[in-house]
Amino acid sequence: MKSIVLREIKSFFGSPIGYLVIAIFLILNGLFLWVFQGDYNILNTGFADLTPFFTLAPWILIFLIPAVTMRSFSDEKKQGTLELLLTKPLSIWQIVNGKFLGALLLICMAIVPTFIYVKVISSLGMPEGNIDMGSTIGSYFGLLFLIAAYSAIGIFTSTLSENQIVAFIVAVFLCFIFFFGFEGLATVVPKTSNVIASLGMQDHYKSMSRGVLDTRDILYFVSVTVAFLSFTVYNLKSFQS
């Protein structure tokens with residue numbers, strides 16, 4: 001599996017994709033958080049916290065992660081190398097996990113530079129250092145689990161078609177539905193709003209952003225991630241047969 005992960009990382013940085021993903025993520029966040037006037041501008045909020053970043057990041061990642069994962073298996077299908085990949089002395093689960101971890105590591109590399117925001121916000125606090133570290137750490141953990149779920153969805157959709165654009169669009173749609181769709185549906189059906197909202201990622205992501213790592217929230221994201229990786233394995237097995 002290690003060889004698959006290294007192969008994915010090399011392919012990301014052997015082409016402009018890896019650099020573009022990291023650059024676009026950092027530039028968009030930087031512009032919205034520090035330059036553009038609006039609700040996401042930290043300097044205009046009057047509070048020394050990173051809530052605008054953790055509110056904005058999931059929406060940017062809805063598009064960036066599918067852009068990273070869309071080629072995972074669709075490109076293998078298009079080039080006719082999927083059959084060769086499946087004949088390697090690796091189980092299908094190892095191949096899928098290798099692709100998944102490769103994409104996950106790339107996105108995490110884009111997240112790491114944002115740690116400087118914590119230092120900047122801390123220095124802007126009154127008094128200096130007045131920042132809710134519990135909420136910030138919880139939000140980063142929530143973002144990590146969200147990235148894992150998005151990546152699993154993207155890996156799954158890349159097995160549906162050899163057309164990367166199709167894989168990208170379906171991944172964006174599914175990520176949007178899981179993050180915002182259930183929350184939106186909950187407002188339409190108020191009687192069961194809590195139950196419906198709990199089926200979506202946004203509810204659990206917000207819960208972790210409060211700084212409390214609830215087992216239910218962690219299990220939710222792990223379950224979604226494992227479920228979509230399992231769907232990926234099922235699709236590849238049907239292709240292999």
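Analyst: Start with Phe145, which is found in helix H9. Keep in mind that this is a predicted model.

User: What does Phe145 touch, not counting residues up to four places away in sequence?

Analyst: Phe145 touches Met208, Ile218, Phe221 and Val222. Contact here means heavy atoms within 4.5 Å. Asp217 is 72 residues from Phe145 along the chain, and their C-alpha atoms are separated by 9.4 Å.

User: How do the axes of helix H9 and helix H12 cross?

Analyst: H9 covers residues 133–157 and H12 covers residues 201–209. Their axes come within 7 Å and cross at roughly 155°. Angles over 145 degrees count as roughly antiparallel, so H9 is roughly antiparallel to H12.

User: Which residues of H9 and H12 meet?

Analyst: On the H12 side they are Met201, Tyr205, Met208 and Ser209. The H9 side includes Ser135, Phe141, Phe145, Ala149 and Ile153. By class, the residues of this contact divide into ten nonpolar, five polar and no charged. Gly counts as polar in that tally.

User: Why is Asn44 called partly exposed?

Analyst: Its relative accessibility is 45%. Buried means under 20% and exposed means over 50%, with partly exposed in between. Asn44 therefore counts as partly exposed.

User: Where is Asn44, and what is it in contact with, leaving aside neighbours within four places in sequence?

Analyst: Asn44 is in helix H3, residues 42–45. Asn44 is in contact with Gln37 and Gly38, its neighbours within four places in sequence left aside. Trp34 is ten residues from Asn44 along the chain, with 9.0 Å between their C-alpha atoms.

User: How many helices and strands are there in the protein chain?

Analyst: There are 13 helices and zero strands. Read along the sequence, the pattern is α-α-α-α-α-α-α-α-α-α-α-α-α.

User: What makes the protein chain as compact as a globular protein of that length?

Analyst: Its radius of gyration is 19 Å. The globule rule gives 18 Å for 241 residues. The two values are close, so the chain is as compact as a globular protein of that length. Along its principal axes, the C-alpha trace spans about 60 × 45 × 30 Å.

User: What share of the residues of the protein chain count as buried?

Analyst: Of the 241 residues, 46% count as buried. The cut-off for that is under 20% relative accessible area. The protein chain exposes about 11900 Å², and carbon and sulfur atoms supply 69% of it.

Conventions: Residues numbered from 1 in each chain as written. Predicted model: local features only at pLDDT ≥ 70, side-chain atom pairs only at ≥ 80, totals over all residues. Heavy atoms only, no water. Axes fitted to C-alpha atoms, helices over the stretch in contact; angles between N-to-C directions. Helix = DSSP H or I, 4+ residues; strand = E, 2+ residues; numbered from the N terminus. Parallel < 35°, antiparallel > 145°, perpendicular 65-115°, else oblique. Rg over C-alpha atoms; globule rule 2.2 N^0.38 Å. Buried < 20%, exposed > 50% of the residue type's maximum accessible area, 1.4 Å probe, protein only. Areas by Shrake-Rupley, 256 points an atom, 1.4 Å probe, with all protein chains shown as cover.
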